[in-house]
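Reader: I am new to reading protein models. Could you walk me through a few features, one step at a time?

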Amino acid sequence: MTTIALIGFMGSGKTTIGQRLARSMEIPFVDTDDEIVNRVGMSVPEIFDHFGEQYFRSVESEILKSLSKKKCVVATGGGIIKLDTNRQMLRSDDFLTVWLDLTFDTVMKRIANDESRPLWNQDVEKRMSLFNSRQALYDDSSHFSVNVDGQPVEELIEEIKRYI
Ligand code: S3P
């Protein structure tokens, strides 16, 4: 059994696409951010504020591990690829990992004014350098990628299903 994991930068549509993909495959959908929020009992910004990013990453990693080899679609947080252990898990045979790739311009169009994501709350140069620093990590963690710039969700679902 293989878990289908969606990875990609903030704003790439992991949750929207993941929910629709799971529905069309008639399997459960899990969002790692929701799991962390439920487990800790605080919002993502509160967790970052009170306990710091490292704690957030440790819970995120435990949750990813618990989802290994499960019949479900998982939408991950954009920073899940920061830990080497997560990258190894995601590219192992226990997961089928899809990178939802998009340009920085598209991210800006989608979430420029979003203040709910702690690592996005910074000036444009820093946002861009975070984006650039992660591209190779998404590549390293995924089995294949789909470009989501301007593609309708239904077409993306069909494209992803062709690889599964
Ligand atoms: C993060 C992305 C967020 C959330 C947290 C950290 C990141 O998830 O996990 O704010 O480091 O990119 P989304 O990618 O779903 O926004």
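This is a predicted model: local features need pLDDT of at least 70, side-chain atom pairs count only at pLDDT 80 or more; totals for chains, interfaces and linings use all residues.

Reader: Where is lysine 14 found, and which residues does lysine 14 touch?

Author: Lysine 14 is found in helix 1, which covers residues 14-25. Leaving out residues up to four places away in sequence, lysine 14 touches Leu6, Gly8, Ala75, Thr76 and Leu100.

Reader: Which residues does the UniProt annotation "binding site" cover?

Author: In the UniProt record, an unreviewed entry, that annotation covers Gly11, Ser12, Gly13, Lys14, Thr15, Thr16, Arg117 and Gln151. They span 141 residues in sequence and the farthest two C-alpha atoms are 24.0 Å apart, so they do not all gather at one spot.

Reader: What about glutamine 151: where is its place?

Author: Glutamine 151 sits in the loop between strand 5 (144-147) and helix 8 (153-163). With 15 other C-beta atoms within 10 Å, glutamine 151 is partly exposed.

Reader: How are two packed helices described?

Author: By the angle between their axes and the distance between the axes. Here, helix 5 (residues 84-91) and helix 7 (residues 124-141) pack at about 40°, with their axes 8 Å apart. That angle makes helix 5 oblique to helix 7.

Reader: Which residues meet there?

Author: Arg87, Leu90 and Arg91 in helix 5 meet Leu137, Asp140 and Ser141 in helix 7. By class, this contact has two nonpolar, one polar and three charged residues.

Notes:
Residues are numbered from 1 along each chain as its sequence is written. Axes are lines fitted to C-alpha atoms, for helices over the stretch in contact, and angles run from 0 to 180 degrees between N-to-C directions. Helices (H or I, at least four residues) and strands (E, at least two) are DSSP runs, numbered from the N terminus. Angles under 35 degrees count as roughly parallel, over 145 as roughly antiparallel, 65 to 115 as roughly perpendicular and the rest as oblique. Two residues are in contact if their C-beta atoms, placed from the backbone, lie within 7 Å. Ala, Val, Leu, Ile, Met, Phe, Trp, Tyr, Cys and Pro count as nonpolar, Asp, Glu, Lys and Arg as charged, and the others, Gly among them, as polar. UniProt positions are given in the numbering used here, feature names are shortened, and annotations may be inferred rather than shown by experiment. A residue is buried if 20 or more other C-beta atoms lie within 10 Å of its own, exposed if 12 or fewer, and partly exposed in between; C-beta atoms are placed from the backbone.
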